Amino acid sequence: MQSTRVLTGITTSGTPHLGNYVGAVRPAVAASATPGVESFFFLADYHALIKVSEPARVQRSTLEIAATWLACGLEPDRVWFYRQSDIPEIPELTWLLTCVAGKGLLNRAHAYKAAVDRNTETGDDPDAGVTAGLFMYPVLMAADILLFNAHKVPVGRDQVQHIEMARDFGQRFNHLYGEHFTLPEAVIEAQVATLPGLDGRKMSKSYDNTIPLFAPREQLRKLIFSIVTDSRAPGEPKDADASNVFQLYQAFASGAETDAMRSAFAGGIAWGDAKQALFERIDAEVSPLRGKYEALMARPAEIEATLRDGAARLRERHATPLLKALREAVGLRDLSVAVSPVATPDASRKGDAAQLKVYRERDGRFHVKLVVGKDTLAISRGAGSPAAANAQVDEAVRDGVAALDTHFELPDGTDAAQVVEAMRALRAGA
């Protein structure tokens with residue numbers, strides 16, 4: 001059975017904080033140990049360039065985030081762990097998707113609309129200060145996902161729109177050029193998708209309200225005690241569901257601990273006691289990881305080697321073969337193997353033109369059929385994905401009858417050479 005591919009990335013624009021850990025790192029690392037799951041973890045340094053123009057900050061953040069994932073239990077030998085900028089196929093795919101992405105859809109992207117709305121409110125030109133990078137952000141994100149045909153992408157609720165746009169771009173490409181992409185699904189952990197920051201808003205570098213994941217113990221305590229609360233005195237019942245302190249506690253506590261804290265809130269626990277309990281609960285989980293993180297940060301060359309190795313293996317296994325198939329699909333081809341269209345009997349009649357059809361069997365494997373009218377001239381033996389199925393056609397086009405015999409079954413009496421020529425004609429746009 002084909003494994004489920006799960007892809008997660010964090011933009012390298014700041015120091016990892018508790019929100020990153022709870023909303024992305026911790027659940028993704030845990031999920032990577034699930035049988036039947038193939039996990040992809042990447043450092044989104046191209047995305048960082050959209051909003052950060054300080055090279056040293058991007059470099060430092062990349063190191064910190066890589067060390068964070070490794071400290072939190074990521075095993076590079078069991079998952080794909082890489083840096084976005086080490087995969088040149090990502091920007092190439094971004095351009096291919098740009099050529100099918102609808103501008104009207106991009107106009108509705110939340111980040112772009114928010115920037116335009118701010119400019120409109122202040123009387124500025126709608127696009128003042130808006131870069132093409134910000135506008136095209138959803139296409140780059142789509143390339144991150146579609147290049148590896150990810151099935152599931154853990155995201156916060158504010159990123160769901162980008163997954164839907166990735167599905168749209170992938171679907172448009174498939175419609176034009178054949179079934180190459182799996183359409184991804186967004187995955188949200190309902191309780192911890194977004195974590196409140198010090199001021200109650202979503203914990204975010206943009207709001208400067210974060211709690212660094214690996215802050216020293218005393219700094220962690222100081223930050224937790226600075227969390228905004230209401231003025232209810234000790235002994236007064238407190239609304240747990242409206243409390244930032246409780247929401248943070250819930251993200252780290254077990255079900256029994258959460259129930260006990262909810263009862264304490266109803267009983268009027270003092271804010272100082274609630275914050276102390278929160279500090280102790282977070283520190284108990286983070287403290288062992290902090291030591292691993294500090295040791296990794298002292299060995300940056302090892303982290304660099306790990307990322308480069310991950311990217312090299314990933315390109316060989318997934319990225320390079322898929323881009324080769326996509327280039328062929330859109331017509332970026334070797335001119336020395338161009339061929340003339342192949343005529344077939346009665347092919348001029350409507351409905352009798354040769355076609356390559358990709359379909360999925362009940363066992364989950366993908367097959368390709370070469371049909372002329374109602375006749376099937378060849379059918380592939382199956383592959384794990386649409387891209388792999390199309391790659392078998394590309395191999396037959398490139399290597400001829402030998403490759404055709406490897407991947408396809410032909411009805412008795414069918415001329416294998418003619419089948420190959422028909423496939424070449426179709427690939428050439430006949």
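**A walk through the predicted model**

Ser 13 is buried, with a relative accessible area of 2%, in what should be read throughout as a predicted model. This serine is placed in the loop between strand S1 (4-11) and H1, and, once its neighbours within four places in sequence are set aside, Ser 13 is in contact with Ala 48, Lys 51, Val 52, Arg 57, Ser 61 and Lys 205.

In soluble globular proteins, nonpolar side chains tend to be buried together. Here the largest nonpolar core has 54 residues, and those with the most contacts inside this core are Phe 81 and Phe 265. Several elements give two or more residues to the core, among them helix H1 (18-31), strand S2 (37-44), helix H3 (55-71) and helix H9 (217-225), together with the helices H10 (244-252), H11 (255-266), H12 (271-297) and H13 (300-330). The largest share, 10 residues, comes from H12. A second, separate core of 48 residues includes Leu 93, Ala 115, Val 139 and Leu 326.

A pair of aromatic rings is described by the distance of the centres and the angle of the planes. The structure holds 13 aromatic pairs, and one of them is formed by Phe 173 and Tyr 177, a tilted pair at 4.8 Å centre to centre with 50° between the planes. Both residues lie in helix H8 (residues 160-177), 4 residues apart, which is about one turn of the helix. Within this pair Phe 173 counts as buried, at 0% relative accessibility, whereas Tyr 177 is partly exposed, with a relative accessible area of 31%. The rings of Phe 265 and Trp 271 have their centres 5.7 Å apart and their planes at 75°, so this pair is edge-to-face. Phe 265 is buried at 0% relative accessibility, and Trp 271 is buried as well, with a relative accessible area of 12%. Elsewhere, Phe 40, Phe 42, Trp 80, Tyr 82 and Phe 148 form one aromatic cluster.

Charged groups also meet aromatic rings. The charged end of Arg 201 sits over the ring of Tyr 207, at 4.2 Å from the ring centre, and Lys 369 lies over the face of Tyr 359, at 5.4 Å from the centre of that ring.

Finally, there are the cysteines to consider. A disulfide is a covalent bond between the sulfur atoms of two cysteines. How many disulfides does a search of the whole structure find? The search finds 0. Cys 72 counts as buried at 14% relative accessibility, while Cys 99, at 52% relative accessibility, counts as exposed.

Definitions and conventions
Residues numbered from 1 in each chain as written. Predicted model: local features only at pLDDT ≥ 70, side-chain atom pairs only at ≥ 80, totals over all residues. Heavy atoms only, no water. Core = buried A, V, L, I, M, F, W, Y, C linked by side-chain atoms within 4.5 Å. Buried < 20%, exposed > 50% of the residue type's maximum accessible area, 1.4 Å probe, protein only. Contact = heavy atoms within 4.5 Å. Phe/Tyr/Trp six-rings, centres within 6.5 Å; stacked < 30°, edge-to-face > 60°. Lys NZ or Arg CZ within 6 Å of the ring centre and 35° of its normal. Disulfide = S-S within 2.5 Å.
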